[in-house]
Amino acid sequence: MIRKSGLVAAGLGAVFCVATVAAPAAAETPKRGGILTYMIPADAPPSFDGHRETTFATVHAAAPFYSVLIRVHPNNPSSTTDFVCDLCTEMPTPTDDGKTYTFKIRQGVKFHDGTPLTAYDVAASWRKIISPPEGVSSARQSYYAIVDKLETPDQATVVFRLKFATGAFLPALADPFTWIYEKAILDKDPHWYEKNIMGSGPFKLAGYEIGQSIKGVRNPDYYHPGQPYLDGFTGIFAPKQAVRVDAIRADRAAGEFRGLPPSARDQLQQELGDKVVMQSSDWNCGNVITPNHKKKPFDDVRVRRALTLAIDQWHGAPALAKIANVKTVGGIVFPGSPLAATKEELQTLAGYWPDIEKSRAEARRLLKEAGLEGLAFELLNRNIDQPYKFVATWLIDEWSKVGLRVTQRVVPTGPWYESMRSGNFDVVVEASCNSVVNPLLDVQKYLPHTVFTENYGNYEDQQLIDLYQKMLRETDGAKQRALMRDFEKRVLDTEAHEMVMTYWNRIIPLRSYVKGWKIGPSHYLNQDLANVWLDK
Amino acid sequence: MHRYIVNRVLLLIPTLVGAAAVVFVLMRLIPGDICVLRLGSGGMSVNPRAIALCHAELGLDRPLIVQFLDFVWGFFRLDFGISMWSGKPVAEEIAARLPISLEIAVLATVIAILIAIPLGTISALKQNSWIDHVVRTVAIAGIATPSFWLGIVSLLAVLSISHAVFGAPWMPPIDYVPFWQDPLHNLSVAILPALTVGYRYSAVTMRMTRSAMLEVLREDYIRTARAKGLVERLIVNRHALKNALLPVVTLIGIEFAFLIGGLVVTEQVFNINGVGRLLVLAIQNQDYTLTQALVMLTVTIFVLANLVVDLLYAWLDPRIRFA
Amino acid sequence: MVDLAPPYVATAAAAAESPRSLRAGIIGFCRRQPLGTVGLVLVIVMAVAGLSAEWIAPYSPTSNNFAAMTEAPSWAHLMGTDQFGRDLFSRIIFGARTALIVGFSCAIVGGLAGLVLGVASAYFGGRLDLFLQRVFDVVMAFPLIIMALAVVAVFGSGVYNVIVAITIPLIPRCARVVRSSALAIREVPYIDAARACGFGHTRIILRHMVPNVLAPFLIMLTAFVGQAILAEASLSYLGLGVQEPTAAWGLMLQGGAEEYASTAPWIAVFPGAAIALTVFGFSLFGDALRDVLDPRLRDR
């Protein structure tokens, strides 16, 4: 039997969970039947249109109803390079110097209302994402700026022509929000999908109660043989963590798919023992500390470097990991990716030096040189416990060790965005969350505001932009990795534009009768539930 | 009397318009933009074109005075507009959540009345005895305890006790089912929140009953009734209680209106899909139309409750009626 | 209700007469109002704790100690530690200071404003009364959370802005109660007689109306302190109150208390108990005060 192993503590205390790599599900025969009840840690999603929204609530609620073109491997979602076909027949090799991707679409797929799905539907959906018509919004439009043309030579082929070859395209194509809609419906009303659901996925919509729950039943015509194993599912909206934990305890729900903090994990394991299974994984989300370069003294690179040198990431991470959902120290690239820095490479960067005393001495020296010993400033933070407030509390303590006096200004999400966008802050605790691990696109975040509008650091850096453009077009793996190291060094060390805090850690509890679901590095991934089954 | 009623009803209008203006201004004072919130959730990058589109869709690019007039005029036509967050009509959003909140409020009131009035009366009759001290202590504990803390503790208690007694932890169901469909399921959802809210409610009512009864029991006509030789129970029921109930009824009416505010925190604790939770959500999302509608709903209930109570008072107390 | 000579003034005056009678008065109070005495003791304990926090607290309330996270109560940490390793006992003591600052400020400011407005409303009557009543209605009907969120979002969080946010809804409540007491006084003949004698408004208000509403006003004040502390707890629970790393009871209930409710219950239990006990104390004392000051409620 495949089990994630865990040690149950006799009393209260740290419980360690080991995330083992999933063995393929073929070792056990899935049983058909049963309804999976899970919690969605949000109030209702703003709309059901995946192209338009960015919240995981939309994905957790509606992904089971839809198909996508390609996706991360459902049985191996933690891999950052393993992409497989959902609606296509096989993963294409790019032709034309890497600029053209030709996809053949499966035959015999039907939407839930019986209409057959063809390449025209795939193309219509992708056109809505890449270049939406007037009045329609596409949240991730900028990811696909590299697409030059989208063609459908026949009813079973879709061709993407790019402006230049880049390794960033395929992961972007596997984005979990890129649901395939019916062309006939889109032609009549491109806004229809905001309030309605009509897909070709493993489940059909069975009911939606506002703010309460969403229900699905098996789609008997699903094109992956044997799937879905479940008869249906019920997703219950429950924003309060304590309620979710209690519900899992009392078996009112089998689990949730976003992530719980370590204390909840400890509590559930202590109470349920082997009736609950914990999966955990590094999360493609992290906190980023951004000083406002337009506010003195943060325009002085010495001050920024002092800020990062004061922080003891290597010792702070394990301590924080016991109380907050963070774990792995990393640079600007997700730690599981081939483009990420190794520990040795990281330790050469400011803020990651293995000798913290030396690091802090350097920080104090820099502050003294800039004439700003004992500098006092305000840290802007978002009003969410996990892990924002925990990280901030720890940071303030770290900074006090080099004489910096920092106070916190905690605001709800709305004012937090507003303060960042208007530049009304000294230093801010930001978050950076992405779905598919796509380092080339993910590090765009560190580019200056002129290129990436959501960068709130207010700095200019042409050298950084040039480095990035070179990296994006580089096709040789080793050279690209070297360029990434240069980029990273400039962002974190030389210019200390931003500071990357410990990457978040995803802990997913599922009652032991839930099988088949594997954890991935993002809570947006692998949510169509087609390969989940209940051992009851 | 008629003039009094008409006067009071007419006075509702400036109150409501005033409240509308206050909530309109307050919401727009809070920095933040629902479009950014909606499209930037989770920390992913936000598309500026999408935001501009969103503003146009929601009418946020119109001048403020136009938005305000639209809001007020809509309110009087009973058209509350579309929720900025979900795009559904506000009336639909509220209607989906009102039943459970009302149920909890009504249950809490019933619990409060059933407990408070008898206990308050006994406490007054036996002033300064040990019964009085116990009742007063219990009542004050009810007012002093934060209701959400009580909710957390009670939920934990239910889980732990059921675990200890039955071997498996039991928790009330987390999804709402209407009463006629499955009364047991429905009541088990509502009972813990109702008790949590009702405890405080009954505590306040108990104290008011006690002090009102104490005042009445000192009146001359009670002394006369006793001198006449009437049985104590008759005195209490026929004379004292009726007069004491006046301020108590006032309090119950006003506290019921305040319940809506109390529900906000309770619904968070128990994950009830009610109007309290909707209000918090609407404020956090900066959903102007929904927040405005909910606040106006609360304000209207409050002033109507006050009106009913005032009218009841006038009807029951001839001195006020003929003032 | 004919006999409305200022009874409260007489009582207060009698109490102030001589030291011997004052001590006797206090002892008498303790004997006749045992619950009130308990309440007073609780209040004094909290006040002393809050005022002398720096001297009594064994640890600093804000320094993290990652080596001692979520430790159970022990001799080293009398109430255990929270998820940052901060000593709970010290945080509770410093929290008493925050609670009392919030409680007293809100009560006094709100009470005084309410007193002024309520008396003015009752005395002058007419359109001023009508207008103020409507304003009170609007403010009272507003959910506290919106007011608090607006104040906090516009002016920033922190103790002072929380005080502003909580005080605003208290004012009309006080004004209402004061107004109805004052209204009763206003109908009494001697007020009209005083006007006929040519006494100014201020003199009449200060010498006749205010002393008579003083008793319910004082009782309201004690109730307000309790309500303000509870309101701060609710606001902090919703994330709108005082911010980390300040020690405040409501904030302690929010920061991780629910998360750790099963594994480290002391994190939630002690702050909740502190809030409950303090408000309990104020309420008991306020009740006893009412029983003493209102001769109609005295023991037969």
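Colleague: Where does Asn458(A) lie in chain A?

Modeller: Asn458(A) lies in the loop between helix 14 (439-442) and helix 15 (462-473) of chain A. Keep in mind that this is a predicted model.

Colleague: Fine. And what is its phi, given that Asn458(A) is not a glycine?

Modeller: Asn458(A) has a positive phi of about 60°. That stands out because most residues other than glycine have a negative phi.

Colleague: Is Asn458(A) buried, partly exposed or exposed?

Modeller: Partly exposed, since the relative accessibility of Asn458(A) is 23% and the buried class covers values under 20%.

Colleague: OK, what about Leu529(A), which is not a glycine either? What phi does Leu529(A) have?

Modeller: Also positive: phi is about 60° for Leu529(A). Leu529(A) sits in the loop between strand 16 (514-515) and strand 17 (533-534) of chain A.

Colleague: And is Leu529(A) buried or exposed?

Modeller: Buried, because its relative accessible area is 1%.

Colleague: Switching to prolines. Which residue does a cis peptide bond join to Pro228(A)?

Modeller: Gln227(A) is joined to Pro228(A) by that cis bond, with omega about -5°. Pro228(A) is in the loop between strand 8 (213-218) and strand 9 (232-237) of chain A.

Colleague: What is omega for the cis peptide bond between Lys296(A) and Pro297(A)?

Modeller: About 0° there. Pro297(A) is placed in the loop between strand 11 (276-291) and helix 8 (301-309) of chain A. These bonds are worth a look because most peptide bonds are trans.

Colleague: Now Arg252(A). What does Arg252(A) touch, leaving out residues up to four places away in sequence?

Modeller: Within chain A, Arg252(A) touches Thr37(A) and Ala247(A). From chain B, Arg252(A) touches Trp170(B), Met171(B), Pro172(B), Pro173(B) and Ile174(B).

Colleague: Where is Arg252(A) found?

Modeller: In the loop between helix 6 (241-249) and strand 10 (255-256) of chain A. Arg252(A) is partly exposed, because its relative accessible area is 28%.

Colleague: How far is the C-alpha atom of Arg252(A) from that of Phe111(A)?

Modeller: They are separated by 32 Å, and the two residues are 141 residues apart along the chain.

Colleague: You mentioned chain B. How many helices and strands are in chain B?

Modeller: Chain B has 13 helices and 0 strands. The C-alpha trace of chain B spans about 85 × 65 × 35 Å along its principal axes.

Colleague: What share of the 323 residues of chain B count as buried?

Modeller: 56% of them. As for the accessible surface of chain B, that comes to about 13,900 Å², and 72% of it belongs to carbon and sulfur atoms.

Colleague: How many positive and negative side chains does chain B have?

Modeller: There are 24 positive and 20 negative ones in chain B, and the centres of the two sets lie 11 Å apart.

Colleague: Last topic, chain C. At what angle do helix 3 and helix 5 of chain C pack?

Modeller: At about 105°, with the axes of helix 3 (residues 34-51) and helix 5 (residues 88-124) of chain C 7 Å apart. The two helices of chain C are therefore roughly perpendicular to each other.

Colleague: Which residues make the contact between these helices of chain C?

Modeller: Helix 3 of chain C brings Met46(C), Ala47(C), Ala49(C), Gly50(C) and Leu51(C). Helix 5 of chain C brings Ile93(C), Ala96(C), Arg97(C) and Leu100(C).

Note on methods: Residues numbered from 1 in each chain as written. Chains lettered and ligands numbered in written order. Predicted model: local features only at pLDDT ≥ 70, side-chain atom pairs only at ≥ 80, totals over all residues. Heavy atoms only, no water. Helix = DSSP H or I, 4+ residues; strand = E, 2+ residues; numbered from the N terminus. Buried < 20%, exposed > 50% of the residue type's maximum accessible area, 1.4 Å probe, protein only. Areas by Shrake-Rupley, 256 points an atom, 1.4 Å probe, with all protein chains shown as cover. Lys, Arg positive; Asp, Glu negative; His and termini not counted. Charge placed at Lys NZ, Arg CZ, Asp CG, Glu CD. Contact = heavy atoms within 4.5 Å. Axes fitted to C-alpha atoms, helices over the stretch in contact; angles between N-to-C directions. Parallel < 35°, antiparallel > 145°, perpendicular 65-115°, else oblique.
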